[in-house]
Amino acid sequence: MIEISRYTELSEEVRNQMNHHINDEFGHIPIVAETEWATPNWTILYYDNEQITTFYNIVIREIKIDNKQIRVGGINNVMTPKEFRGMGYASKALQETENVIFNDLDCQMGLLLCADNLIPFYEKLNWYNIECPVYFEQSSGKKLWGAQTMLLTRNGKISPDKIELNGLPW
Ligand SMILES: CC(C)(COP(=O)(O)OP(=O)(O)OC[C@H]1O[C@@H](n2cnc3c(N)ncnc32)[C@H](O)[C@@H]1OP(=O)(O)O)[C@@H](O)C(=O)NCCC(=O)NCCS
C-alpha cells in the first residue's frame with residue numbers, strides 16, 4: 001500500500017521511525033551533518049503487511065535549468081529499513097510512484113542528488129545522471145554540489161549546462 005502525506009502532517013511515530021533510519025544511515029557522514037537541507041513537502045510511505053518497507057520525501061521547487069524556471073519534484077532520503085533491503089521494495093515504490101511527481105504534484109521533472117554508487121540502481125528506474133554544475137544555497141552562500149545529480153524526464157533526456165536549485169538542497 002502506498003501512502004502520500006504532507007511532511008508536516010506525518011504522525012510523530014512515523015516521523016520518529018523515519019528519523020531513526022535516516023540518522024542511522026547518514027548521521028555519521030560529515031558532509032551530510034554539515035549541510036543545511038530543505039524541509040520536504042511530501043512523504044511517500046510504502047507499506048507491506050502494515051510495516052513501512054520503503055519511504056522517501058519529495059521537495060517541490062521551482063529551479064533554474066539553463067535559463068528556464070522548471071517545477072521539479074526533488075527526491076530525498078530514499079530508504080528501505082535494513083531488514084527489508086534487497087527485496088525489491090525501493091524499486092517498486094519508486095516505479096509505482098513515478099507518476100505522482102508528474103501528475104499529482106504537477107512537476108515537469110524529478111531531480112535527485114546522490115552518491116556515485118547508486119547511479120546503476122536509479123538508472124534501472126529510468127533516471128539518468130547529468131554532468132553539469134548544480135548550485136544550491138547555504139546560510140554561508142552559494143555552493144557547488146560535489147556528487148551526482150540525476151533526472152527523471154518525460155520526453156527524452158536533456159543535458160543542461162547549469163542548474164540552480166534556488167534554495168537549500170535535498
Ligand atoms: C538504496 C536502497 C534505498 C535500496 O532499497 P532496496 O529496497 O533494498 O532496493 P531494491 O531491493 O529495489 O534494489 C536493491 C538494489 O539496490 C542497489 N543498491 C543498494 N545499495 C547499494 C549501494 N550501497 N551501492 C550500490 N548499489 C546499491 C543494488 O543494485 C541492489 O541490487 P541487489 O540487491 O541485486 O544487489 C537501500 O539500500 C537503502 O535504504 N540504503 C541506505 C539509504 C540510501 O543510500 N538511500 C539512497 C539515498 S540517494
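Okay, let's start in the sheet: S4 and strand S5, residues 109-114, pair in the parallel sense over four bridges. Two strands count as paired here if DSSP finds at least two bridges between them. Helices (H or I, at least four residues) and strands (E, at least two) are DSSP runs, numbered from the N terminus. Within that pairing, Ile75 stands opposite Leu112 in S5.

Before I go on, the ground rules. This is a predicted model, so local features need pLDDT of at least 70 and side-chain atom pairs count only at pLDDT 80 or more, while totals for chains, interfaces and linings use all residues. Residue numbers run from 1 along each chain as its sequence is written.

Back to S5. Five bridges join S5 to strand S9, residues 148-152, and these two run antiparallel. Cys114 has Gln148 in S9 as its bridge partner. Then there's strand S7 (residues 134-138) with strand S8 (residues 141-144), antiparallel over four bridges. A hairpin joins S7 to S8, through two residues. Glu137 has its bridge partner in S8, and that's Lys142. One reminder for anyone looking at the side chains: in a regular strand they alternate between the two faces of the sheet.

Zooming out a bit. The protein has five helices and 10 strands. Its radius of gyration is 15 Å, close to the 15 Å that the globule rule gives for 170 residues, so the protein is as compact as a globular protein of that length. For the record, that radius is taken over C-alpha atoms, and the rule is 2.2 Å times the number of residues to the power 0.38. Along the principal axes, the C-alpha atoms fill a box of roughly 45 × 35 × 30 Å.

How much of the protein is buried? Of the 170 residues, 25% count as buried. Buried means 20 or more other C-beta atoms within 10 Å of the residue's own, exposed means 12 or fewer, and partly exposed is in between, with C-beta atoms placed from the backbone. As for contacts, take residues at least 6 apart in sequence: 69% of those contacts join residues at least 24 apart. Contact here means C-beta atoms, again placed from the backbone, within 7 Å.

Now the ligand. 17 residues surround the ligand, and the closest are Thr80, Arg85, Ala90, Ser91 and Asn117. The criterion for being near is a C-beta atom, placed from the backbone, within 6 Å of the molecule. By type, the shell divides into nine nonpolar, six polar and two charged residues. The nonpolar set is Ala, Val, Leu, Ile, Met, Phe, Trp, Tyr, Cys and Pro; Asp, Glu, Lys and Arg are charged; the others, Gly among them, are polar.

Which element gives the most to that shell? That's H3, with three residues. Strand S4 (68-79), helix H3 (89-96) and helix H5 (119-123) each supply at least two.

Let's stay with H3. Ala90, Ala93 and Leu94 are buried in H3. They cover an arc of only 95 degrees around the axis, which puts them on the same side of H3. The arc is that of the directions from the helix axis to the C-beta atoms. And what covers those buried residues? The cover includes strand S2 (42-48), strand S3 (51-65), S4 and helix H4 (98-104).

Most residues other than glycine have a negative phi. Asp66 isn't a glycine, yet has a positive phi of about 50 degrees. Asp66 lies in the loop between S3 and S4, and with 12 C-beta neighbours inside 10 Å it counts as exposed. Asn126 also has a positive phi, near 80 degrees, and is a residue other than glycine. You'll find Asn126 in the loop between H5 and strand S6 (128-130); with 15 other C-beta atoms within 10 Å, Asn126 is partly exposed.

His21 lies in helix H1, residues 12-26, and is partly exposed, with 17 C-beta neighbours inside 10 Å. Leaving out residues up to four places away in sequence, His21 touches Met79 and Pro81. Asn166 sits in the segment after strand S10 (163-164), and counts as partly exposed with 13 C-beta neighbours inside 10 Å.

Definitions and conventions: Two residues are in contact if their C-beta atoms, placed from the backbone, lie within 7 Å.
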